[in-house]
Amino acid sequence: MPTPPGEPRGAVARHTAYLPHFWDKATNSRPIWRIDWGHPGFTHRTPPEPTADHQPTALVRSWDRPAPDGTGETWPYLHRGACLGCTWEGPDRRRTDEAVEDAHDHTHPGWRDLPAVPERQGRQWLTHVQHLYPDGWFDRGGPIRTVRIGIEKQHKPRAAPGGGYDLAVQPPKKNDPVTAIAEVLPLVFGGAEAA
Ligand SMILES: [Zn+2]
């Protein structure tokens, strides 16, 4: 949906405009776009600082209306991928994780092709991961893709080695023919840590 005239655009501008309404008890601030709680740039008081380069975050607002995609369902919230370094915003999404993925398409193109690795485990883990990922990737705030075998399936902000997102990947099904995961898993699960 187009941005109404006069409305701020981009994560930093929107969150900065949101904060006074959040503290003003007379305003219902829920329908105002802001950075989602816990995501990069989220603050309660001081406006967020823009980053020097493109960095992902996620916006949210309450909605409680029919889905913008015309499916007829009611969505309680809208989510959008956004950037802390510019005013880019992604399409309206139902789930936070979809918005986070949109944001990475903007800030870290190519992330979808990176190998999925096991969740952080032991001293060897970081060394293995750094060999598998492009040079300097994590220093640029790049995400890591981890296979989640527990109940936690959501993307996690600030959980990559350089402070970027840990993006969840579903474990491969038993009979999946080929995945990068199968090559990587034995490195750690059967590695020196266990000895
Ligand atoms: Zn950007």
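Two strands are said to pair if DSSP finds at least two bridges between them, and helices (H or I, at least four residues) and strands (E, at least two) are themselves DSSP runs, numbered from the N terminus. In this structure, Ile35 stands opposite Leu59 in S2. The model is a predicted one, in which local features need pLDDT of at least 70 and side-chain atom pairs count only at pLDDT 80 or more, while totals for chains, interfaces and linings use all residues. Residues are numbered from 1 along each chain as its sequence is written.

The chain holds four helices and six strands, and from the N terminus on its elements follow the order α-β-β-β-α-β-α-β-β-α. Of its 195 residues, 31% count as buried, a residue being buried if 20 or more other C-beta atoms lie within 10 Å of its own, exposed if 12 or fewer, and partly exposed in between, with C-beta atoms placed from the backbone. Among the contacts with a separation of 6 or more, 51% come from residues 24 or more positions apart, where a contact requires that the C-beta atoms of two residues, placed from the backbone, lie within 7 Å.

Strands S1, S2 and S3 form an open sheet in the order S1-S2-S3 with antiparallel pairing. S1 and S3 stand at its edges with a single partner strand each, so one side of each is left without a neighbour in the sheet. A second open sheet of three strands has the order S4-S5-S6, and its pairing is parallel; here the edge strands are S4 (117-118) and S6 (166-169), each of which pairs on one side only. The table lists three of the strand pairs.

| Strand pair | Sense | Bridges |
|---|---|---|
| S1 (residues 34-35) and S2 | antiparallel | two bridges |
| S2 and S3 | antiparallel | nine bridges |
| S5 (residues 144-147) and S6 | parallel | four bridges |

Ala58 stands opposite Gly81 in S3, and the bridge partner of Arg61 in S3 is Leu78, whereas Thr146 stands opposite Ala168 in S6.

H1 has 13 residues and reaches 18 Å from its first C-alpha to its last, close to the 18 Å expected at 1.5 Å a residue, the expected span being 1.5 Å times one less than the number of residues. Ala11, Val12, Arg14, His15 and Tyr18 are buried in H1, and the buried residues of this helix pack against S1, S2 and S3. H2 lies across S2 and S3 and runs at about 20° to S3, with axes fitted as lines to C-alpha atoms, for helices over the stretch in contact, and angles running from 0 to 180 degrees between N-to-C directions.

Not counting residues up to four places away in sequence, Val100 touches Pro56, Ala58, Gly81, His155 and Tyr165.
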